[in-house]
Amino acid sequence: MLPAPRSPDGRTIREDHPIPAGRGSAASIMPVTNMLERLNEEIKRRTHVVRIFPNAESCLRLIRALAVETHENWLEAHCYLNMDDLREHKKEVLRMAA
């Protein structure tokens with residue numbers, strides 16, 4: 001299976017709608033749902049705000065900080081198993097057995 005075609009800014013293009021000839025093809029671009037695409041959009045947005053970086057290292061620092069922030073937010077938002085509930089359940093089982 002071939003990967004989905006991409007627009008110049010990296011977003012996924014819908015295959016069920018042909019790209020219209022002419023100036024704009026905004027109707028055929030899907031909203032961003034991919035986490036990596038979202039991160040790329042956020043990097044692009046924040047680097048455009050700064051506009052001029054004194055050196056490449058300062059740009060990399062901004063991108064790293066954004067990547068770390070995104071990772072931490074993802075970890076906090078995606079708690080698959082709450083260990084506190086498991087501990088409470090074990091305590092209840094021990095109380096019932098005693």
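**Before you click.** This is a predicted model, where local features need pLDDT of at least 70, side-chain atom pairs count only at pLDDT 80 or more, and totals for chains, interfaces and linings use all residues. Residues are numbered from 1 along each chain as its sequence is written, and side-chain values use heavy atoms, with hydrogens and water left out.

**Stop 1: the whole chain.** Select everything. You'll find three helices and zero strands, in the order α-α-α from the N terminus. Helices here are DSSP runs (H or I, at least four residues), strands are E runs of at least two, and both are numbered from the N terminus. Of the 98 residues, 11% are buried; buried means under 20% relative accessible area, exposed over 50% and partly exposed in between, using a 1.4 Å probe on protein chains only.

**Stop 2: helix H1.** Now pick residues 35-50, which make up H1. Its 16 residues reach 23 Å from first C-alpha to last, close to the 22 Å expected at 1.5 Å a residue (that is, 1.5 Å times one less than the number of residues). Colour Glu37, Glu42, Ile43 and Thr47: these H1 residues are buried. The buried residues of H1 pack against H2.

Stop 3: Axes are lines fitted to C-alpha atoms, for helices over the stretch in contact, and angles run from 0 to 180 degrees between N-to-C directions.

Show side chains at the contact (heavy atoms within 4.5 Å). Among those taking part are Met35, Leu39 and Val50 of H1, and Leu62, Leu66 and Trp74 of H2.

**Stop 4: Arg51.** Finally, select Arg51, in the loop between H1 and H2. Arg51 has a positive phi of about 70 degrees although it is not a glycine. Buried or exposed? Arg51 is exposed, with a relative accessible area of 71%.
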